[in-house]
Amino acid sequence: MSDVLQVQGLGVRTDDGRDLVSDVSFSIRAGSRLGLVGESGSGKSLTALAVMGLLPRGMSASGSIRLRPSAAGPAAEVVGASEQRLNGLRGSAATVVFQEPLTALDPLMRAGHQIAEALRLTHGRGLRGPALRRAVTDALDRVRLPEPDRIARAYPHEISGGQRQRVALAMALAREPALLIADEPTTALDVTVQSEVLALLDGLVAERGMALLFISHDLAVVSAVTDHVLVLKDGSAVESGTVDDIVRRPSHPYTRDLVGSARHLESALERIVR
Ligand SMILES: Nc1ncnc2c1ncn2[C@@H]1O[C@H](COP(=O)(O)OP(=O)(O)OP(=O)(O)O)[C@@H](O)[C@H]1O
């Protein structure tokens, strides 16, 4: 199967010459899941933002990031691409869910309206009226939101954090991306909601055969949803392998520390043993 994402020798540098990410390489095939794990400041988010062509002002990427929007089509280079080209890739090739869903949601727009916009970007302006309303309800249903009609009418501040994250996920999925990037999607949620959202994400990605790039500082959370892991430290890759290898046989001392501090390691191990 073809790679949905190929990152080769990625660097992120500030205009004043600081290297924040150095020589990071990885690839993700259609239907597979890679976890990026590392402590705060290790370069995980910048790597994700570089893939989306969304680096903050004053930073630039080097190396190569190739995204393949469809299995049959050619890959497109993100590094150095024009904003117009990037707009074409965002959504269809890759989309991102952030730790704080309010980043993605417009506080002044009802949840249903925001999902409707995402659906119309994917399916065209012809999707409207009752068909559009049904598609919105279906999208909310699919992320297991009870009372989808009520949620559709709500503004982001009127629903809980867990519900907001599900709405953000519904919006991301409405774009039917080849690659979903989830950047600490459950870190802001309490533990019970966190495991519900993780299970949901796990099921939805499997159902759609999407590729997943999952980012977390918590190796246990990463282990729960991915099959391969890349460990980042100070902007560089220190180790990579299957979840099983990394959790059971970490070779780098930094990875050993991450394994040691993983909060729910038992459950991660349980999943591997299953
Ligand atoms: N907008 C910015 N301006 C300057 N430096 C930044 C900016 N964003 C990130 N950095 C720096 O780049 C490095 C990598 O940050 P990044 O956000 O990718 O880390 P992270 O692993 O995602 O951590 P966290 O989980 O805390 O977000 C850090 O040293 C951080 O201070």
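This is a predicted model: local features need pLDDT of at least 70, side-chain atom pairs count only at pLDDT 80 or more; totals for chains, interfaces and linings use all residues.
Me: What does UniProt place at residues 5-259?
Reply: The unreviewed UniProt entry has the feature "domain: ABC transporter" there. UniProt positions are given in the numbering used here, feature names are shortened, and annotations may be inferred rather than shown by experiment.

Me: OK, ligand next. Which residues surround it?
Reply: The shell is Leu20, Gly38, Ser40, Gly41, Ser42, Gly43, Lys44, Ser45, Leu46, Pro56 and His217. To be near a molecule or strand, a residue needs its C-beta atom, placed from the backbone, within 6 Å of it.

Me: Which element gives the most to that shell?
Reply: Helix H1, residues 44-52, with three residues.

Me: And how do the shell residues divide into nonpolar, polar and charged?
Reply: Three are nonpolar, seven polar and one charged. Here Ala, Val, Leu, Ile, Met, Phe, Trp, Tyr, Cys and Pro count as nonpolar, Asp, Glu, Lys and Arg as charged, and the others, Gly among them, as polar.

Me: Back to H1: mostly covered or open?
Reply: Mostly covered, with seven of its nine residues buried. Buried means 20 or more other C-beta atoms within 10 Å of the residue's own, exposed means 12 or fewer, and partly exposed is in between, with C-beta atoms placed from the backbone. The buried ones are Lys44, Leu46, Thr47, Ala48, Ala50, Val51 and Met52. Just after H1, glycine 53 takes a positive phi of about 65°.

Me: Which strands form the open sheet, and in what order?
Reply: The order is S2-S1-S4-S5, with antiparallel pairing. S2 and S5 (76-77) are the edge strands, each pairing on one side only. Two strands count as paired if DSSP finds at least two bridges between them.

Me: How many bridges join S1 to S2, and how many join S1 to S4?
Reply: S1 (residues 3-14) and S2 (residues 19-29) share seven, and S1 has eight with S4 (residues 59-67). Glutamine 6 has serine 27 as its bridge partner in S2, and valine 12 is bridged to alanine 61 in S4. S4 and S5 pair over two bridges, where arginine 66 partners glutamate 77.

Me: Which residue takes a positive phi in the hairpin of S1 and S2?
Reply: Glycine 17, with phi near 90°, in a hairpin that has four residues between the strands.

Me: Why is S3 called largely enclosed?
Reply: Because five of the five residues of S3 (residues 33-37) are buried. Arg33, Gly35 and Val37 are on one side, Leu34 and Leu36 on the other. In a regular strand the side chains alternate between the two faces of the sheet.

Me: What does S3 pair with?
Reply: S3 runs parallel to S8 (residues 211-216) over five bridges, and parallel to S9 (residues 228-233) over four. Arginine 33 stands opposite leucine 212 in S8, while glycine 35 has valine 229 as its partner in S9.

Me: Changing topic: how many residues does the largest nonpolar core have?
Reply: It has 79, and those with the most contacts inside it are Val51, Ile115, Ala170, Leu179, Ile181 and Leu213. Helix H6 (residues 161-174) gives the largest share, eight residues. A nonpolar core is a set of buried Ala, Val, Leu, Ile, Met, Phe, Trp, Tyr and Cys residues joined through C-beta atoms within 7 Å.

Me: What does isoleucine 115 touch?
Reply: Not counting residues up to four places away in sequence, isoleucine 115 touches Val136, Ala139, Leu140, Val167, Ala170, Met171 and Ala174. Contact means C-beta atoms, placed from the backbone, within 7 Å.

Me: Last one: is alanine 93 buried or exposed?
Reply: Alanine 93 is buried, because 25 other C-beta atoms lie within 10 Å. It is found in the loop between H2 (83-89) and S6 (94-97).

Key: Residues are numbered from 1 along each chain as its sequence is written. Two residues are in contact if their C-beta atoms, placed from the backbone, lie within 7 Å.
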